Amino acid sequence: MKTLIINGSPRLHGNTVALIDELKRHLEGEVIELSAFRSNIAPCVDCRGCWETARCVVRDEMDVIYGDDFDNVVVASPVYFCTLPGKMLSLISRMQPWHAATFFIKEPLNQRPKKSAAILTAGGKGNEANAQHHLSAFFKQVNATGFRDHIVCSGKTDTIPSWEDPEAIAKVAELAKWLNED
């Protein structure tokens with residue numbers, strides 16, 4: 001079992017990382033973590049090279065995702081202004097080659113099926129609906145299903161840090177149990 005966790009938070013010790021650490025405590029198998037803020041992942045520049053080959057011409061840490069060598073994918077991210085942070089959206093934009101394979105080249109890639117889940121942290125009212133919309137598009141591109149039923153949200157982090165949110169912590173443990181199932 002191999003789980004890819006994509007960390008969409010710029011903070012090294014914040015609410016999102018606390019829940020990622022809790023998830024990793026319960027996960028079995030290999031865990032690979034990519035940071036939208038610290039990994040070497042360039043944004044899509046719409047060069048359209050992928051319109052001919054269904055491969056991105058940029059070689060960077062996105063190759064971990066393009067390699068399609070994982071059974072589970074979890075996106076853990078804060079919610080800023082009702083959506084994902086810019087660096088996370090930038091990473092998602094790099095799914096253009098897989099989109100091009102389907103819609104421009106007309107030869108969809110045969111990605112292996114995988115499970116998907118999301119961990120979202122937000123202050124105030126949460127307002128994670130737009131974040132879920134973007135995540136839905138990303139998970140569809142990587143052929144990952146299940147995230148709509150497997151979302152953990154710690155939605156009042158401006159008053160209760162995620163590491164003190166018993167409901168979020170319990171849901172992360174449940175999430176790990178589901179991801180560990182074959």
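Begin by selecting I32, which touches K2, T3, L4, I5 and V64, not counting residues up to four places away in sequence; contact here means heavy atoms within 4.5 Å. This is a predicted model, in which local features need pLDDT of at least 70 and side-chain atom pairs count only at pLDDT 80 or more, while totals for chains, interfaces and linings use all residues. Residues are numbered from 1 along each chain as its sequence is written, and side-chain values use heavy atoms, with hydrogens and water left out.

I32 is found in strand β2. Draw a distance between the C-alpha atoms of I32 and K2: these residues are 30 apart along the chain, and the separation is 7.6 Å. At 23% relative accessibility, I32 counts as partly exposed. The classes are buried for under 20% relative accessible area, exposed for over 50%, and partly exposed in between, with a 1.4 Å probe and protein chains only.

Next, colour the chain by secondary structure. The chain has 7 helices and 6 strands, which from the N terminus on run β-α-β-α-α-β-α-α-β-α-β-β-α. Helices (H or I, at least four residues) and strands (E, at least two) are DSSP runs, numbered from the N terminus. The radius of gyration is 16 Å, close to the 16 Å that the globule rule gives for 182 residues, so the chain is as compact as a globular protein of that length. That radius is taken over C-alpha atoms, and the rule is 2.2 Å times the number of residues to the power 0.38. Along its principal axes, the C-alpha trace spans about 50 × 35 × 25 Å. Of the 182 residues, 48% count as buried. Among contacts with a separation of 6 or more, residues 24 or more positions apart account for 80%.

Now select helix α4 (residues 86-93), where M88, S90, L91 and I92 are buried. Which elements cover the buried residues of α4? The cover includes β1 (2-7), α3, β3 (72-78) and α6 (129-141).

A search of the whole structure finds 4 aromatic pairs; rings of Phe, Tyr and Trp (its six-membered ring) pair if their centres lie within 6.5 Å, with planes under 30 degrees apart counted as stacked, over 60 as edge-to-face and the rest as tilted. Show Y66 and W98: their ring centres are 6.0 Å apart and their planes at 55°, so the pair is tilted. Y66 lies in helix α3 (residues 63-66) and W98 in helix α5 (residues 96-103), so the pair ties together parts that are 32 residues apart in sequence. Both Y66 and W98 are buried.

Another tilted pair is formed by F139 and F147, at 4.9 Å centre to centre and 45° between the planes. F139 and F147 are both buried.

Finish with two backbone positions. Select D46, in the loop between β2 (30-35) and α2 (50-53). Its phi is near 55°, a positive value in a residue other than glycine. D46 is partly exposed, with a relative accessible area of 41%. Then move to A54, in the loop between α2 and α3. Phi of A54 is near 60°, again a positive value in a residue other than glycine. Is A54 buried or exposed? At 10% relative accessibility, A54 counts as buried.
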